[in-house]
Amino acid sequence: MPQQKDIVKIAIQMPGAYPQLIQLDQKKPLSAVIKEVCDKWNLSGPENFALQYADGVQTYITESNRLDIKNGSILRLTKAPGRCAEDLYKGIQSSDPGVRCESLKELAAVSTDITFAQEFISRDGHSLLVQIVEDANEVPMVMLHTLTAFMELMDHGIVSWENLSSVFIKKVVSFVNGKILDASIQQVSLDIMESMVLSSSSLFHQIRKEITLDQLISHLQVSNQLLQTKAMALLMALLQTAGETDRQDLFAFLEKKNLRQYIYKNIIHSSGSVGDEMAHHLYVLQSVRLNLLEPRMKTPLDSFNQEQREALHSLRQAVFETESEGSLSNERRRSLCAKEFKKLGFSNNSNPGQDLGRTPPGLLALDTMTYFASRYPDAYSRFVLENSSREDKHECPFARSSIQLTLILCEILRIGEPPSETGSNYHPIFFAQDRLLEELFCICIQLLNKTWKEMRATQEDFDKVMQVVREQITRTLSSKPTSLELFKNKVNALNYSEILKLRQTERLHQEETLAPPVLELKERLKPELLELIRQQRLNRLCHGTLFRKISSRRRQDKLWYCRLSPNHKVLHYGDVEEETETPSIESLQDKIPVADIKALLVGKDCPHMKENKGKQTKEMLDLAFSITYDVEEYSLNFIASSRTDFCLWTDGLNVLLGKEMSSEAMRSELEILLSMEIKLRLLDLENVPIPDAAPPIPKPPSNFNFCYDFSQAEQ
């Protein structure tokens with residue numbers, strides 16, 4: 001007698017027959033289950049049949065995935081994957097063009113299933129597809145289905161990309177290099193090439209040799225956003241896979257071909273909004289490009305390097321008119337140089353190279369200073385002379401400020417940090433000019449001087465000024481300015497008094513009166529407000545969220561949607577297409593009863609984080625959560641797209657499990673709601689001091705003679 005937990009109640013369909021409602025015993029071999037189903041419908045040869053999901057992603061049921069079947073699932077009796085693979089293998093070789101086209105179309109659809117893919121590849125079917133591509137005798141529609149099917153088969157990782165022939169690679173590259181071709185074929189070809197490049201360095205060199213970068217860049221100028229995204233994905237794959245020398249050569253070529261201008265004009269300033277995939281690729285390009293500055297940032301100044309010494313002395317010579325140094329004695333020359341370096345703001349004026357020995361910012365600080373001095377000589381001279389002539393201790397040290405400002409810009413722009421797999425925070429301003437760091441420095445060093453004067457700062461206030469400047473830059477960059485001019489106007493408008501106002505406003509939002517009566521009132525209000533947050537979390541889960549499956553090989557992967565039923569009893573989930581709006585509950589085929597959920601796991605405790613230990617990033621760990629259900633044997637794994645979604649879902653799931661909400665978002669929202677409620681309650685007590693304790697009740701009077709005696713009045 002099978003145990004109840006091993007029994008799953010399901011329906012099985014077959015075209016032209018009445019559905020069967022069966023109790024599937026998970027301990028019984030799948031072949032025996034299929035035989036029983038075939039016997040009920042009087043079908044012979046049960047080995048030629050298989051079960052697959054009838055809705056959503058129509059995956060074949062195998063011994064390895066059968067435990068995923070849930071109560072209420074609808075399955076379909078269909079051709080066994082081996083028989084289906086055999087039929088399609090023959091159909092592809094048919095002499096009838098119509099049969100061949102339909103077979104390839106069906107192959108492209110079913111190749112997403114790994115069970116089918118294994119059967120088809122075991123028959124060397126992928127080699128047949130390679131042959132079709134190499135011959136290139138088919139009409140565009142047939143070629144599109146062939147390439148799509150090939151991509152889906154290869155994406156399972158069963159066959160190595162390195163086994164492909166150079167003829168096939170050249171043919172796929174030719175589809176991208178060709179000027180007039182079906183855009184869909186070009187998109188799939190770009191997809192295939194991206195996977196090739198990411199799979200091995202040898203394929204990178206082959207693709208790099210064959211691809212026409214001019215033509216690849218031209219795909220960024222088209223109005224087709226999907227084609228733009230695929231072209232950008234291949235470019236990023238080339239840049240990330242390339243060695244240091246190849247990457248520098250690639251960047252040199254792309255700069256020569258004005259890639260930045262193409263992106264700025266055709267993507268950032270296009271009529272449509274930038275999609276998530278494109279935003280990620282722009283972020284990667286920004287990171288990889290800025291990381292070329294990392295070696296300079298991590299290299300200290302070498303006092304014995306003639307070129308570096310000359311660059312350092314050029315800062316002094318550009319602003320101070322000196323008599324011919326050749327006629328001076330060594331001691332006199334050293335004394336003069338030390339004096340001038342002190343005016344420039346170096347801490348170690350006798351050996352200024354020591355100031356640049358700290359890494360980061362290392363030589364980058366010297367680069368930014370010399371760039372400012374040569375690019376804007378008037379502004380540079382004005383800054384140095386204005387501050388070196390002051391005698392009231394309010395002088396702003398140019399060199400010390402520049403070194404610290406360069407470090408701040410490196411931290412804000414994340415120079416030296418590898419691009420995150422899920423990052424998408426790019427700066428449009430990066431694509432507005434060639435030398436972002438240097439140009440930002442030139443604007444911000446003048447801003448620093450302005451802020452220094454506004455704060456009437458002295459040397460003791462140096463760190464405070466740098467904190468304000470950092471805040472001015474980060475606040476301005478967060479508004480996503482699209483040009484240097486816009487950045488300059490915004491950051492200069494955000495003066496010290498504005499920063500103080502913003503800080504005051506934020507502090508008022510955060511601070512609350514700490515008087516015991518107010519704290520007691522807060523405690524009384526908390527349960528009501530927590531219930532409000534709980535309801536909001538459950539409503540958010542009922543609305544649902546789109547999640548992305550992160551693949552180790554390609555970032556462009558399937559999307560899936562998860563939402564809670566209106567009665568809060570079932571979680572519905574299922575795969576969806578890229579542009580799908582909020583799907584209905586009926587369209588989400590998979591479900592988990594809330595009563596079956598056993599635990600909520602987050603971060604490194606999640607099963608999918610344990611499986612990918614080597615590939616996980618801190619960002620991914622912070623966004624990962626899982627729920628275990630039934631007898632903790634199964635789990636549903638999530639990676640939220642943002643920290644906000646992570647907090648909403650973990651809070652909502654904790655509410656469903658009857659546990660306390662614990663996210664930082666909940667604490668923040670509770671504080672905001674408490675603050676608003678307290679302010680409303682205390683509105684009538686404005687400017688009235690609230691005592692720590694209630695006033696003492698006075699003793700009763702010795703007599704009550706002051707009271708009016710109504711009884712005598714009535715007489």
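Two strands are taken to pair if DSSP finds at least two bridges between them. Helices (H or I, at least four residues) and strands (E, at least two) are DSSP runs, numbered from the N terminus. The model is a predicted one, in which local features need pLDDT of at least 70 and side-chain atom pairs count only at pLDDT 80 or more, while totals for chains, interfaces and linings use all residues. Residues are numbered from 1 along each chain as its sequence is written, and side-chain values use heavy atoms, with hydrogens and water left out.

The chain holds 30 helices and eleven strands. Its radius of gyration is 35 Å, well over the 27 Å that the globule rule gives for 715 residues, so the chain is more spread out than a compact globule. The radius is taken over C-alpha atoms, and the rule is 2.2 Å times the number of residues to the power 0.38. Along the principal axes, the C-alpha atoms fill a box of roughly 120 × 105 × 40 Å. The accessible surface of the chain is about 37300 Å², and 50% of this surface belongs to carbon and sulfur atoms. Accessible areas come from the Shrake-Rupley method with a 1.4 Å probe; for residues, only the protein chains shown count as cover. Buried residues make up 46% of the 715 in the chain, where buried means under 20% relative accessible area, exposed over 50%, and partly exposed in between (1.4 Å probe, protein chains only). Of the contacts (heavy atoms within 4.5 Å) between residues at least 6 apart in sequence, 66% join residues at least 24 apart.

Strands of a sheet pair through backbone hydrogen bonds, in either a parallel or an antiparallel manner. Strand β7 (residues 570-576) is joined to β8 by four bridges in the antiparallel sense. Histidine 572 has lysine 591 of β8 as its bridge partner.

The loop between β6 and β7 contains histidine 568. Phi of histidine 568 is near 65°, a positive value in a residue other than glycine. With a relative accessible area of 25%, histidine 568 is partly exposed. A positive phi, near 60°, is also found for aspartate 124, again a residue other than glycine. Aspartate 124 belongs to the loop between α4 (114-122) and α5 (125-135), and its relative accessibility of 39% places it among the partly exposed residues.

Strand β10 (residues 624-629) is mostly covered, with six of its six residues buried. Ala624, Ser626 and Thr628 point one way from β10, whereas Phe625, Ile627 and Tyr629 point the other way. β10 has antiparallel pairing with strand β9 (residues 597-602) over five bridges, and leucine 600 stands opposite isoleucine 627 of β10. With strand β11 (residues 634-639), β10 pairs in the antiparallel sense over six bridges. Isoleucine 639 in β11 is the bridge partner of alanine 624.

Two cis peptide bonds involve proline 360. The bond that joins threonine 359 and proline 360 is cis, with omega about -15°, and the bond from proline 360 to proline 361 is cis with omega near 10°. Proline 360 is found in the loop between α17 (330-344) and α18 (363-375), and proline 361 is likewise placed in the loop between α17 and α18.

Methionine 297 is buried, at a relative accessible area of 5%. Its C-alpha atom is separated by 64 Å from that of lysine 9, 288 residues apart along the chain.
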